[in-house]
Amino acid sequence: MDLHLKVSLLLLLLQFNLLTIVFGLHFMYEHFRQINGTELADARSLRIRKLNRTTSAMNGTVYFKVPFDNSCKVAINLFHSSLGNNQFNYYPMKIPSIGMCDFVRDVYPTYYPYLKEGVFNCPPTAECPLSPRDVYVRDYVVSQKLIPPFVPKGLWLVRLTVKRNDEAVIVTETMSKLYLDHDW
């Protein structure tokens with residue numbers, strides 16, 4: 001790679017990082033929906049409500065009706081619409097398919113400190129299988145610390161899929177907007 005291209009890429013990265021520091025990167029929920037699997041875990045009561053002009057929060061209860069073990073594989077895939085026009089493209093950042101107990105033991109502890117401020121009765125990281133429970137979500141706002149600085153602004157669709165025997169038994173989708181302060 002020639003020096004000119006390296007300098008150009010470095011300037012581009014610095015520009016984006018400077019923009020996020022100066023203008024502030026924000027996250028706002030648009031909507032949540034559960035596509036299937038309500039007989040195993042029911043999240044249909046989750047709702048998005050606006051707290052103010054620039055902040056939205058998730059509220060509701062997720063009812064885990066059956067135990068979940070490593071025979072259930074969970075995966076999270078991301079889709080991005082740079083123009084915000086619902087024309088989503090697969091984004092190559094994801095949590096690959098992993099057993100539910102492995103997910104709770106290895107991935108979940110990274111995010112737990114950010115969840116505990118608005119999500120109650122979460123399973124402990126050592127529990128396997130995960131026991132049936134009601135998880136309460138109260139005015140949960142995503143922390144800006146969870147958003148990596150390289151993630152581009154736009155409309156995002158996060159699809160969580162739980163599979164058992166290669167069949168998608170639970171699918172949920174959360175749509176959110178990522179924007180800079182000056183976009184308002």
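Helix 2 bends by about 65° at tyrosine 108, and proline 109 follows within four residues. The bend at a residue is the angle between axes fitted to the seven residues ending there and the seven starting there. This is a predicted model: local features need pLDDT of at least 70, side-chain atom pairs count only at pLDDT 80 or more, and totals for chains, interfaces and linings use all residues. Residues are numbered from 1 along each chain as its sequence is written, and side-chain values use heavy atoms, with hydrogens and water left out.

**Helix 2**

- Helix 2 covers residues 100-115 and spans only 18 Å between its end C-alpha atoms, whereas a straight helix of 16 residues would span 22 Å at 1.5 Å a residue. The expected span is 1.5 Å times one less than the number of residues.
- Helices (H or I, at least four residues) and strands (E, at least two) are DSSP runs, numbered from the N terminus.
- Met100, Cys101, Phe103, Val104, Val107 and Tyr108 of helix 2 are buried. Buried means under 20% relative accessible area, exposed over 50%, and partly exposed in between (1.4 Å probe, protein chains only).
- An α-helix has 3.6 residues a turn, so residues three or four places apart point the same way.
- The cover over the buried residues of helix 2 includes strand 5 (72-81), strand 6 (89-99) and strand 9 (154-164).

**Nonpolar cores**

- The largest nonpolar core has 29 residues. Such a core is a set of buried Ala, Val, Leu, Ile, Met, Phe, Trp, Tyr and Cys residues joined through side-chain atoms within 4.5 Å.
- Leu46, Phe68, Met100, Phe103, Val162 and Ile170 have the most contacts inside this largest core.
- At least two residues of this core come from each of strand 1 (25-36), strand 4 (55-64), strand 5, strand 6, helix 2, strand 8 (133-140) and strand 10 (167-180).
- Helix 2 gives the largest share of this core, 5 residues.
- Methionine 100 touches Phe68, Asp69, Asn70, Cys72, Val74, Leu130 and Val162, not counting residues up to four places away in sequence. Contact means heavy atoms within 4.5 Å.
- A second, separate core of 8 residues includes Leu78, Tyr91, Ile147 and Val151.

**Aromatic pairs**

- The whole structure holds 5 aromatic pairs. Rings of Phe, Tyr and Trp (its six-membered ring) pair if their centres lie within 6.5 Å; planes under 30 degrees apart count as stacked, over 60 as edge-to-face and the rest as tilted.
- Phenylalanine 27 and tyrosine 29 form an edge-to-face pair, because their ring centres are 5.2 Å apart and their planes stand at 85°. Tyrosine 29 is buried, at 7% relative accessibility.
- Phenylalanine 64 and phenylalanine 68 are also edge-to-face, with centres 6.0 Å apart and planes at 90°. Phenylalanine 64 is partly exposed at 29% relative accessibility, while phenylalanine 68 is buried at 2%.

**Backbone exceptions**

- Most residues other than glycine have a negative phi, and most peptide bonds are trans.
- Cysteine 128 and proline 129 are joined by a cis peptide bond, with omega about -5°. Proline 129 sits in the loop between strand 7 (119-120) and strand 8.
- Aspartate 139 has a positive phi, near 50°. Aspartate 139 lies in strand 8 and is partly exposed, at 37% relative accessibility.
- Aspartate 166 also has a positive phi, about 60°. Aspartate 166 is in the loop between strand 9 and strand 10 and is exposed, at 76% relative accessibility.
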